[in-house]
Amino acid sequence: MKINSRYIPLNIENVDTDQIIPARFLKATSRDGFGKNLFRDWRYHNDDEGQPKTDFVLNNPAYQGKILVAAKNFGCGSSREHAAWALKDYGFDAVVSSFFADIFKNNALNNFLLPVQVSDEFLEGLWAAIDQNPDAEIAIDVEQQTITNVTSGEIAHFDINAYKKNCLINGYDDIDFLLSIRTDIEAYEAAHV
Amino acid sequence: MQKNSLTLDVFCLKSKKMTLFDKIWNKHVVHAIEGGPSVFYIDRHFIHEVTSPQAFDGLRKRGIPVARPDKTVATADHNVPTVDQHLPIRETLSRMQVEKLTENCAAFGVELYGLGHPFQGIVHVIGPELGITQPGMTIVCGDSHTSTHGAFGTIAFGIGTSEVEMVLATQCLLQSKPKQMRINVDGVLQPGVTSKDIILYIISKISASGATGYFVEYAGSAIRNLSMEARMTICNMSIEMGARGGLIAPDETTFNYLKGRKFAPQGTDWDAKVAEWRTLVTDTDAQFDQELHLVAEDIQPMVTYGTNPGMGIPVTGLIPEESSLEEKERLSFRKSLEYMGLQQGAAIKGQKIDYVFIGSCTNSRIEDLRQVAAFVQGKQKANDVEVWIVPGSKQVEEQAKAEGLRTIFEQAGFQLRQPGCSACLGMNEDKIPAGKYCISTSNRNFEGRQGQGARTLLASPLTAAAAAVTGVVTDIRDF
């Protein structure tokens with residue numbers, strides 16, 4: 001599994017899930033269609049799609065790609081999985097940051113959106129590359145657990161637990177796994193509950 | 001050789017000092033996956049209207065039931081109105097979501113404390129007040145403030161909707177064991193300083209990401225001396241420094257709070273349970289990955305000035321200067337102050353306030369309301385300030401009326417509304433208008449959290465009440 005793409009630089013720290021998807025859009029009862037409201041209040045003036053905020057990076061046509069690169073502590077705050085749904089629905093397959101909030105990381109993995117945690121230095125390299133050239137690319141190899149800054153050639157290793165990696169590569173689902181060990185769960189309940 | 005190492009393992013196992021977290025965690029591991037997470041058993045699952053509909057749909061698609069409806073409790077809180085709750089919800093999407101919850105609970109046999117029910121309220125207020133939350137349990141909910149329940153010595157944390165579906169389907173979750181941190185607060189709190197100030201102080205010290213990857217145990221004499229409701233306020237905001245959850249060892253305060261509550265153990269069961277709960281303490285010399293020591297006397301009433309909960313200062317303090325920050329932090333800091341309409345280096349005391357919100361799963365319990373009432377009795381709100389008091393539950397609302405608090409609030413010009421999450425996240429009609437300043441007892445000051453363009457200053461109920469009376473950020477100790 002490989003994700004090779006240009007990337008969109010969002011150099012802001014502590015991007016919380018209220019920014020990723022504001023609470024007023026959590027009223028849907030399905031998982032679909034959240035992408036159009038991704039970063040809604042950073043994208044538009046007066047909640048109006050006719051008035052884009054031109055200084056916001058998603059509205060800058062120079063930047064394209066399936067990878068979002070953000071500053072540290074991305075996805076903090078609310079546990080809303082809608083944040084992961086919105087990023088995925090918008091077209092992102094991976095988010096790169098020097099630090100992710102825990103709940104967001106789980107939600108992302110459960111939706112096949114890959115969170116890639118890199119060092120501050122690696123992140124600096126990504127900002128520098130895209131500063132020079134908005135077409136700069138990242139290459140991610142999930143099997144090898146590597147991320148490459150294509151411009152500089154710098155390669156870093158990233159962590160992902162073996163179980164989740166297997167799920168991602170094969171499209172497995174945690175619930176299928178849990179249902180498959182139902183007898184263990186029932187034995188636990190008989191002994192402890 | 002092999003025999004020796006086995007003996008050593010057994011020896012280590014026996015002598016290993018355990019934290020409170022370890023004791024609860026170990027008891028709930030059903031199955032450990034090699035190189036991966038553990039299958040972790042959940043004792044109580046709370047659900048609400050916003051993060052559950054897609055999970056119930058998932059069960060339908062798989063054609064499976066809720067595994068343990070007897071361990072699942074639902075309420076409607078996030079987008080319910082806080083006035084005229086007896087009428088149908090006016091806002092269509094909110095109404096549909098609440099109706100969907102009712103429909104799902106009926107179809108899957110889950111107990112629902114919906115609108116109009118005497119037990120309805122914010123999920124993290126009703127669990128404890130009904131005695132559903134008990135020491136030693138594992139508790140989850142599709143809401144990050146589930147950490148609140150940790151005040152009872154539980155492992156309680158927020159989950160996403162896919163995980164809600166997992167728990168509904170199997171009563172289990174896949175979890176990797178987090179690192180552990182202990183935060184000790186010793187000493188005596190100064191007058192006017194509350195548990196909300198303790199937690200805002202802690203977050204200001206370690207930042208909004210300072211405990212990411214950790215579960216936190218709060219300890220020390222200042223924590224020990226807090227009431228259960230005050231402890232809940234602290235555990236509630238654990239997530240605001242990135243911690244998945246926070247917990248406090250149960251003690252006599254915990255047992256006295258729980259005794260006689262609706263779903264608490266009764267009779268001989270009670271005595272057996274209390275004996276078991278007394279073992280839920282961190283062993284002396286148990287190791288933490290990180291440990292902090294804070295002095296209670298150093299803590300002042302706190303107020304936030306920025307757009308994450310780590311941006312807090314003493315009410316008498318100054319907003320930091322950009323030059324005091326690291327280069328890479330400056331852009332976010334500048335953006336934050338620009339949003340808030342505040343100046344670096346300025347005093348926060350005296351800042352004009354337009355709205356006061358006293359409520360949310362952080363501070364909407366009866367003690368919070370009593371504290372506010374005791375302060376405002378005989379005082380009047382400032383003319384150009386709007387004050388909303390939103391009780392955490394139907395039971396809190398009824399109690400506030402029975403104790404005469406409503407009368408005190410009304411005489412002061414404060415509105416006592418009906419229970420729900422309300423202006424904490426503005427999913428219902430309770431929104432703060434763009435550009436207006438709201439001093440709020442809730443937990444998040446993110447951009448747009450209380451309404452598009454709304455500017456939130458987090459504070460304790462006492463500090464919020466003082467601002468309601470003066471119309472500006474005020475030091476409660478000046479009264």
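At what angle do helix α3 (residues 53–62) of chain B and helix α4 (residues 92–108) of chain B pack, and how far apart are their axes? The angle is about 35° and the axes are 10 Å apart; axes here are lines fitted to C-alpha atoms over the stretch in contact, with angles running from 0 to 180 degrees between N-to-C directions. Helices are DSSP runs (H or I, at least four residues) and strands are E runs of at least two, numbered from the N terminus.

A word on ground rules: this is a predicted model, where local features need pLDDT of at least 70 and side-chain atom pairs count only at pLDDT 80 or more, while totals for chains, interfaces and linings use all residues. Residues are numbered from 1 along each chain as its sequence is written, chains are lettered from A and ligands numbered from 1 in the order written, and side-chain values use heavy atoms, leaving out hydrogens and water.

Back to the helices. On the α3(B) side, B:P53, B:F56, B:D57, B:L59 and B:R60 meet B:Q97, B:K100, B:N104, B:A107 and B:F108 of α4(B), contact meaning heavy atoms within 4.5 Å.

Now for the two chains: 54 residues of chain A are in contact with 65 residues of chain B. The area buried between them is about 4900 Å², with carbon and sulfur atoms giving 56%; that is the accessible area (1.4 Å probe) lost on putting the two parts together, summed over both. A:K27, A:T29 and A:Y188 supply 15% of what chain A buries against chain B, more than any other three residues.

A salt bridge is a side-chain nitrogen of Lys or Arg within 4 Å of a carboxyl oxygen of Asp or Glu. Here are two of them:

| Salt bridge | Closest N and O atoms |
|---|---|
| B:E91 with A:K27 | 2.9 Å apart |
| A:R80 with A:D18 | 3.4 Å apart |

A:R80 sits in the loop between β2 (67–70) and α3 of chain A and A:D18 in helix α1 of chain A, so this pair ties together parts 62 residues apart in sequence.
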